[in-house]
Amino acid sequence: MTGERPKQALAIHKLNNAELNVAFRLTCQCLIEQLWRRLYRLPTPAGLSQYSTMDNSRYSQTAAAPAVKAESSLEVLASEGFACFLTAARISLAFTTYQAGKILFVGVGAQDQVSIFERSFPRCMGLGPAGNTIWMSSLFQLWRLENFLPSGQKYNGYDAVFVPVNGHTTGEIDVHDIAQKDGRPVFVGTRVNCLATVDERHSFVPIWKPPFIDKIVAEDRCHLNGAAFVDGAAEYVTCVAMTNTRRGWSDKRRDGGVVLSVQDGEPVVTGLSMPHSPRLHDERLWVIQSGKGEFGWVDIEAGRFEPICHLPGFARGLAFADGHAIIGISRPRKDKTFEGLELDDRLAARGQDPLCAILVVDLSDGAIVHGLYMTGAIQELYDVCVLPGIRRPMALGFMSEEIRFFLRPAELNRK
């Protein structure tokens, strides 16, 4: 090939409906990326560090500037010890906001300041880290992101570059918590009321459902939303209610929640308010009562929830590092799903507005010791995960030139 453009008439290709849909979604993603790059600098409250967007969706510390009110503005404030905590624990974080359609990576950059990097995926929610892999759910797809950087290498100051290498179309089944088993994702399909995995020929493959659910149907009958995994296998799950009708759980949000044992399908604790994010850690089953704004653990023998702290927002997303829990909290929307909860009553009694933040809670006493606080464009979070041994992560997105040329080929197969 000479590299010259062939001298021939251009063929006009008429897009079919599927191609038009793809083109429309890509155009929308491009517009969203451009909108998010137009963020503003806002003043820094005492005792907090402030971050605002820089070139190519990267964040770095900035000096205080006059407040600018705009719909697209985002203010990210880190407590004084947040960067030191990440450094001491030798971790970074990733978290999702389905409301803004973003995955954000939080690490420590130059001058030991918090670094934040974001990419756009429509309605991204669940995160499942597994070594150099992160599984992430979006509106109707499940993505596998791989870290393309070998250990010890850096790219533009980042020591991990996550690239979306595979996307599986599940359909809009509202995938929540995710883990990996034998190289495949295992996940909670909330809308279809089951645990599932994937294969090469189907939208998803159901592998377990609660015994009170009579069939796999896209009706979100019990709001099965979380799973506590061990080596990729679910041991416990959370449901907002043990109901078997379309959105039957919505009238039982205050006290209908349960944690179920996957082994026998029986409840280990009942009477919870919108439980989320069950996790097994240090021989305890931890869970969040989102409707009450409580974080604690389940005494399985007694069938009792033991709270260790109250959270100033609607909490979902839970990870652990260095004797601490890392929890996401949100400002709940003004709709039926979030209204009428005990959380609202408690915050109102204190005269406190709900926050949107990533909080670090000391497991020894339940104290909130660090936080990353957000106002403006981001109001609701879903999941958070820990990335061990990574100091400053980033990711490639579909609208950047980098994804075309940032390559990691496998070794040559000479067989």
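This report walks through a few strands, aromatic rings and side-chain contacts in the structure above.

## A strand on the inside

Keep in mind that you are looking at a predicted model. Let's begin with strand S27, which covers residues 384-388. Is this strand largely enclosed or largely open? Four of its five residues are buried, so strand S27 is largely enclosed by the rest of the structure.

Strand S27 has a partner, strand S4 (residues 91-97). The two run antiparallel, and five bridges join them. To find one spot where they meet, look for Ala-94: its bridge partner in S27 is Cys-385.

## Rings that meet

Now for the aromatic side chains. How many aromatic pairs does a search of the whole structure find? The search turns up nine. A pair of aromatic rings is described by two things: the distance of the centres and the angle of the planes.

Take Tyr-155 and Phe-406, whose ring centres are 4.9 Å apart. Their planes stand at 75°, and an angle over 60 degrees counts as edge-to-face, so this pair is edge-to-face. Where do the two residues sit? Tyr-155 is in the loop between strand S9 (141-147) and strand S10 (160-169), while Phe-406 is in the segment after helix H4 (402-405). The pair therefore ties together parts that are 251 residues apart in sequence. Tyr-155 is partly exposed, with a relative accessible area of 21%, whereas Phe-406 is buried, at 16%; the cut-off for buried is under 20%.

Trp-286 and Phe-295 form another pair, with ring centres 5.2 Å apart. Because their planes are at 20°, the pair is stacked. Both Trp-286 and Phe-295 are buried. Elsewhere, Phe-121, Trp-143 and Phe-398 are linked by ring pairs into a cluster.

## Arginines over ring faces

Rings can also have an arginine as a neighbour. Which residue lies over the face of Trp-297? That is Arg-284, at 3.8 Å from the ring centre. Likewise, Arg-392 lies over the face of Tyr-158, and here the distance to the ring centre is 4.1 Å.

## A buried glutamate

Finally, find Glu-118 in strand S6, which spans residues 114-120. Is Glu-118 buried or exposed? Glu-118 is buried, with a relative accessible area of 0%. Its side chain makes a polar contact with the side chain of Lys-102, at 2.8 Å.

Key:
Residues numbered from 1 in each chain as written. Predicted model: local features only at pLDDT ≥ 70, side-chain atom pairs only at ≥ 80, totals over all residues. Heavy atoms only, no water. Buried < 20%, exposed > 50% of the residue type's maximum accessible area, 1.4 Å probe, protein only. Pairing = 2+ DSSP bridges. Phe/Tyr/Trp six-rings, centres within 6.5 Å; stacked < 30°, edge-to-face > 60°. Lys NZ or Arg CZ within 6 Å of the ring centre and 35° of its normal. Polar contact = N/O pair within 3.5 Å; in protein donor to acceptor, adjacent residues only side chain to side chain.
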